[in-house]
Amino acid sequence: MNSMTGFSENSLQENGIEFKCIAKSLNSRFLEILIKLPNNLKSNEGWIRELLQKNLSRGKVELEIFYSRAIDHHLSVSPKLIKEIKNNEKKIRSKGLDLQKISYSEILKISEISQKQLNIKSSSLKSLVRKSIDKLIDTRSAEGDSIRKDLIRLTKLMKKNISQVKKLEKKNIQKAYERINKYQKDLKVSGSEINLSEVISSLGKADINEEIVRFNSHLAQVTKLLSSKKIIGKKIDFYSQEMVREANTMSSKAGIIEIKNRVVDLKSCIEKVKEHAQNIE
């Protein structure tokens, strides 16, 4: 199980330049990819996107590559550049034009502009990107393991609560019988005057066995999915919605407070399961 939330940062130095790749992802219903590259590396966007699509199935993923020079490199000016500046200055003066003295900071700006298009070996770039994606997957997997453990805890808690609801099923039916007998006594209705179909309907509305069976079925499917290595986020989200529906029906049919309290505990667990389902692949 993998979470959709992750982060990675990797860097390498080549020719005095530090190239850094940052990859991060958040939860999303689908796979959304955003790639940010320097202008001279934009031609690599295609294979980077394919690599992300191959390794990730869901999540809002952002991968960015940028570079920076070391401080000493920022403050250095090559002798070759200085020579070229002097030669150009002589040519301009030979044509009768006067020039002001150029400052050190202005020479640094010229140096920066002249080296603006920085390159990195294709093999180095691929290695940097792959390491970043691998690390992103590792962080998503680590968080996914934590989510799995909590989901297992929640399913065990739901099994305990639903089993307690099952034990209270007969008491709930008995409560319905008591209500019918009370109405009969209060209204002084004889047996011949009782509408049998209405009695059966009232008892049917108190019967929660069908909802318990369906709830257990959905819970069993979720438990099974937790041991699967496939993409399960959307399926768990679906089953959690079905469990909420059954829990609501049980609560509406409950004639005793004990069942209603257990249903509240069930729904609390289900909400946590839904939150987890929205953050896993």
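A crossing is called left-handed if the near helix is turned anticlockwise from the far one by less than a right angle, and right-handed if clockwise. The model is predicted: local features need pLDDT of at least 70, side-chain atom pairs count only at pLDDT 80 or more, and totals for chains, interfaces and linings use all residues. Residues are numbered from 1 along each chain as its sequence is written, and side-chain values use heavy atoms, with hydrogens and water left out.

First, select helix 5 (residues 122–167) and helix 10 (residues 257–277), whose axes come within 9 Å and cross at roughly 160°. Helices here are DSSP runs (H or I, at least four residues), numbered from the N terminus; axes are lines fitted to C-alpha atoms over the stretch in contact, with angles from 0 to 180 degrees between N-to-C directions. Helix 5 is therefore roughly antiparallel to helix 10 (an angle over 145 degrees). Helix 5 passes helix 10 in a left-handed crossing.

Next, display the side chains at this contact (heavy atoms within 4.5 Å). Among them are Leu151, Leu154 and Met158 of helix 5, and Ile259, Leu266 and Val273 of helix 10.

Now select Leu151, Met158, Phe215, Ile236, Met250 and Ile259, which touch the most other members of the largest nonpolar core, a set of 32 residues. Such a core consists of buried Ala, Val, Leu, Ile, Met, Phe, Trp, Tyr and Cys residues joined through side-chain atoms within 4.5 Å, where buried means under 20% relative accessible area (1.4 Å probe, protein chains only). Helix 10 gives the most to this core, with seven residues.

Methods. Helix = DSSP H or I, 4+ residues; strand = E, 2+ residues; numbered from the N terminus. Parallel < 35°, antiparallel > 145°, perpendicular 65-115°, else oblique. Buried < 20%, exposed > 50% of the residue type's maximum accessible area, 1.4 Å probe, protein only.
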